[in-house]
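Please keep the sequence and the coordinates at hand while reading.

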Amino acid sequence: MELAVGPVAAAPHAADRVDGVWRVDGYGTVLSVEDGRLQEYQATAVSCLRGDTARRTGQSGSGSVTYTGDDATVYRIRPAAGGAGAILHFDGSVGDRRLLRLPALPASCAKAAPTGAPATFDVFWRTFEENYPFFAAKKIDWQAVRDRYRPRVHDGMPDTELFALLWEMVLPLYDAHVGIDAGNTGGFGQSRPGTMIPGPGLDQQAQAFVEQHDLLGTRLRTFANGRIGYARLLDGTGYLRISGFGGYDGNSPALPTRATAPSWIRR
């Protein structure tokens, strides 16, 4: 018997299939993936701001490639069925996001990010203009908001004044998924009128509710791989249990449905 010895073609590395430039469908996020490194950008028509960085830390047999960020965020990217695009999953999220391949990074990503209060305002306004979907439902004319606030912005204005102005702009949205992180200058977040932002006070209310009620034999229906559970108590109250989101674990309190349940959201 004779054996032929020679070079054997290597199977395509899964990471090679996710290398490239991707836009997150429905978001202003662009990902550049190359040589085991992932770089995130937040791009609009007027800006491209460098975001988080991650490095490849694993690969599954199904073709999913894992990248772990400097802030411990875990990205999992896998080619979509049929080779059309890819799928992005963040650990801790109950859903996936579709990735659309781009031929290259937007040209603005090769330029230095603009600085100063007017540029900050323009990026802030444009980010909402391109990505926020509920202006019509909330009956807010976002262009009119720009016309009202833009003349008040000028170079050299204190960060605290600019932060207060941006806060004032988005306050009428009353949206729990809208927030501003201005570092040492301050932060802004809110909830819909009549609801409470998750925190120690809401947790205490929820715990008191749990101690006074039980399922009394009713079946707890689960969703999202067991992270969400729901049952209707005998008194007609809805019983909602959420666990494993943003620091909440299996010991998280159950919440009555008339309260605001905590949820995980990536900025």
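A residue is called exposed when its relative accessible area is over 50%, and buried when that area is under 20%, with partly exposed in between. By that cut-off Ala72, at 57% relative accessibility, counts as exposed. The model is predicted, and every value below is computed from it.

**Overall make-up**

The secondary structure of the protein chain comes to five helices and 14 strands. Of its 267 residues, 36% count as buried, while the accessible surface amounts to about 15,800 Å², of which 52% belongs to carbon and sulfur atoms. Among the contacts between residues at least 6 apart in sequence, 39% join residues at least 24 apart.

**Two loops with a positive phi**

Most residues other than glycine have a negative phi. Ala72 is not a glycine, yet its phi is positive, at about 75°; this residue is found in the loop between strand 5 and strand 6. Thr73 is found in that loop as well, between strand 5 (65–69) and strand 6 (74–79). Thr73 is buried, with a relative accessible area of 17%, and its side chain is joined to that of Asp71 by a polar contact of 3.0 Å.

Asp35, also not a glycine, has a positive phi of about 50°. Asp35 is found in the loop between strand 2 (29–34) and strand 3 (37–43), where it is exposed because its relative accessible area is 68%.

**The disulfide**

How many disulfides does the chain hold? The count comes to one: Cys48 and Cys109 form it, with their sulfur atoms 1.9 Å apart. Cys48 lies in strand 4 (residues 48–59) and Cys109 in the loop between strand 8 (97–102) and helix 2, so the pair ties together parts that are 61 residues apart in sequence. The torsion about the S-S bond of Cys48 and Cys109 is about 85°, and the disulfide is therefore right-handed. Are the two cysteines buried or exposed? Both Cys48 and Cys109 are buried.

**Helix 3 and its cover**

Helix 3 spans residues 142–149, and Trp142, Val145 and Tyr149 are buried in it. Because these residues cover an arc of only 50° around the axis, they lie on the same side of helix 3. What covers them includes helix 2 (117–131) and helix 4 (159–170). At the N-terminal end, helix 3 is capped by Asp141, a side-chain oxygen of which lies 3.1 Å from the backbone nitrogen of Gln143.

Glu161 is found in helix 4 and is partly exposed, with a relative accessible area of 43%. The C-alpha atoms of Glu161 and Ala117, which are 44 residues apart along the chain, are separated by 9.8 Å.

**Aromatic pairs**

The count of aromatic pairs comes to 10. One of them is formed by Trp125 and Trp142, which are stacked at 6.4 Å centre to centre with 0° between the planes. Trp125 lies in helix 2 and Trp142 in helix 3, so this pair ties together parts that are 17 residues apart in sequence. Trp125 counts as buried because its relative accessible area is 5%, and Trp142 is likewise buried, at 3% relative accessibility. The rings of Phe135 and Trp142 have their centres 4.8 Å apart and their planes at 20°, so this pair too is stacked. Phe135 is buried, as is Trp142. Ring pairs link Phe124, Trp125, Phe128, Tyr132, Phe134, Phe135 and Trp142 into a cluster.

**Polar contacts around His89**

His89 has its place in strand 7 (residues 86–90). Leaving aside neighbours within four places in sequence, His89 is in contact with Val74, Tyr75, Arg76, Gly95 and Asp96. A polar atom of the His89 side chain lies 3.3 Å from the backbone oxygen of Gly95, and a polar contact of 2.7 Å joins the side chains of His89 and Asp96.

| Group one | Group two | Distance |
|---|---|---|
| Asp141 side-chain oxygen | Gln143 backbone nitrogen | 3.1 Å |
| Thr73 side chain | Asp71 side chain | 3.0 Å |
| His89 side chain | Gly95 backbone oxygen | 3.3 Å |
| His89 side chain | Asp96 side chain | 2.7 Å |

Key
Residues numbered from 1 in each chain as written. Predicted model: local features only at pLDDT ≥ 70, side-chain atom pairs only at ≥ 80, totals over all residues. Heavy atoms only, no water. Buried < 20%, exposed > 50% of the residue type's maximum accessible area, 1.4 Å probe, protein only. Helix = DSSP H or I, 4+ residues; strand = E, 2+ residues; numbered from the N terminus. Arc of directions from axis to C-beta. Contact = heavy atoms within 4.5 Å. Polar contact = N/O pair within 3.5 Å; in protein donor to acceptor, adjacent residues only side chain to side chain. Disulfide = S-S within 2.5 Å. Areas by Shrake-Rupley, 256 points an atom, 1.4 Å probe, with all protein chains shown as cover. Phe/Tyr/Trp six-rings, centres within 6.5 Å; stacked < 30°, edge-to-face > 60°.
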